[in-house]
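This report describes a pocket lining, an aromatic pair and a helix contact. The structure is shown first.

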Amino acid sequence: MPSPPRLPAAPIALLTASLFGAVTTEVLPVGLLPQLAAAFGVPQSRIGWWVSAYALVVAATAIPLTAWLARFPRRSALVGLLLVYALSNAAILLAPGYGWAVLARLLGGLAHAGIFSVVVSATVALVPPERRGRALAVVNAGITLALTAGVPLGTALGTALGWRWAFGTTSALLAALALAGLAVLPRDPGAGTGERPPSVRAALRGGRLLAVAAATTVITLGHYTAYTYVTPLVVSAGVPAGGVSLVLFGYGAASLAGLVLAGTLADRHPQRSLVGTVLVIASCLLAGAAVLGTGRAAPVVALVVVWGTAFGALPTLVQTAALRAGRGSDAAPAVVNATFNVGIAGGAWLGGALLALDLRLVLLTGGVLAAGGLLPLTRRGRSGRAGEGAPAHAGAAPVHDPRRTSP
């Protein structure tokens, strides 16, 4: 039996690095709140709005922007988006005041709204169907690396040398990735081969993709209701303040392990793996609520690590389910991108409201929501097997010509 073909190393590395740069840009202000607030003369909460506004722009524009970008070759679209990112970070350096800096951040959010769709679309076009789950897992490693390395390094650089160095470095990195994209990515990867998938509008009219969208929204809402406030949760469990970073590092390392596991499961058992992963997330949150008031830190830390493993697998499994449900349409990654950002914004708000009432209520609500997110998948599964509705030979998605897909 012949061994499966290897992934194209250079293009996959470029796509991974693109997500690394995108997510580092998105979260970087969190680590530099004091410096940015002092520089622009506003409270730290106003800098926190940069992240919320960014997420709302992504949620609102991901689908229409993807429909427009589908008219262009993937390489051209990715290079353009990376340059917009670089411009956004550079504009923050030159902003004369807070308002201009917010506008520059919104420009970055617009680039973020399109980049996941383009990166996922390019990834599945570069590899055969039986390797797409693994390829998506490798590319999604850029997200995990951004959270575990990119943001901490940017924070350290900004703390040591000033916040402008952090934003300037990310701007230079994104510009360099744009130039590398011209050299590394094929002019039109996968164009002209395979079945043409439905347009963005046609895919959105199908019930399968909408079921995945509804499930992703509720699952991520549940996750971020709890994860946004994981620091006060683990401190309340008895973890010393100085040990919180170690717990979060454990969560990040476990997420990377989950990502590796998802690379295998997504190609073999996509539907069952997604359901099982969500049940693990929900179980960890509900169990955490049960042991939170016992004064024992070890069980909570263990649950956080298992939670991290499950959530590390989730993006790849959700993307695979969406691509299969949307039959390879560019609408699939756009829907996942938009719904994840709805979960980030909504979960942060909901968790904050519950935090004022009871810490355990944060975990209970998050767990119930995460488990409830499976309902759209199971209901659709009875009538159309959402996430596994594509023919077996189609894998995650058929390949198409990005220059000819109409919105």
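## Pocket, aromatic pair and helix contact

The lining of the largest pocket comprises 29 nonpolar, 20 polar and one charged residues. Here Ala, Val, Leu, Ile, Met, Phe, Trp, Tyr, Cys and Pro count as nonpolar, Asp, Glu, Lys and Arg as charged, and the others, Gly among them, as polar. The model is predicted: local features need pLDDT of at least 70, side-chain atom pairs count only at pLDDT 80 or more, and totals for chains, interfaces and linings use all residues. Residues are numbered from 1 along each chain as its sequence is written, and side-chain values use heavy atoms, with hydrogens and water left out.

The volume of the largest pocket is about 1,600 Å³. Among the 50 residues that line it, Val 27, Val 30, Leu 147, Tyr 224 and Tyr 227 are the closest to its centre.

Tyr 224 also forms an edge-to-face aromatic pair with Phe 311, where ring centres lie within 6.5 Å and planes over 60 degrees apart count as edge-to-face. Tyr 224 belongs to helix α9 (residues 207–227) and Phe 311 to helix α13 (residues 297–325), so the pair ties together parts 87 residues apart in sequence. The structure holds nine aromatic pairs.

Helices α4 (residues 74–94) and α5 (residues 98–126) are also in contact, with 18 nonpolar, five polar and two charged residues by class. The two helices are therefore roughly antiparallel, the term for angles over 145 degrees.

| Pair | Distance | Angle |
|---|---|---|
| Tyr 224 and Phe 311 | 5.9 Å centre to centre | 85° between the planes |
| α4 and α5 | axes within 8 Å | crossing at roughly 155° |

Methods: Axes are lines fitted to C-alpha atoms, for helices over the stretch in contact, and angles run from 0 to 180 degrees between N-to-C directions. Helices (H or I, at least four residues) and strands (E, at least two) are DSSP runs, numbered from the N terminus. Angles under 35 degrees count as roughly parallel, over 145 as roughly antiparallel, 65 to 115 as roughly perpendicular and the rest as oblique. On a 1 Å grid over the protein atoms alone, a cavity is a set of points where a 1.4 Å probe fits but cannot get out, and a pocket is an open set with protein on both sides within 12 Å along at least five of seven lines; lining residues have an atom within 4 Å of a point. Grid points are joined across faces, edges and corners, and a volume is the space filled by probe spheres set on the points. Rings of Phe, Tyr and Trp (its six-membered ring) pair if their centres lie within 6.5 Å; planes under 30 degrees apart count as stacked, over 60 as edge-to-face and the rest as tilted.
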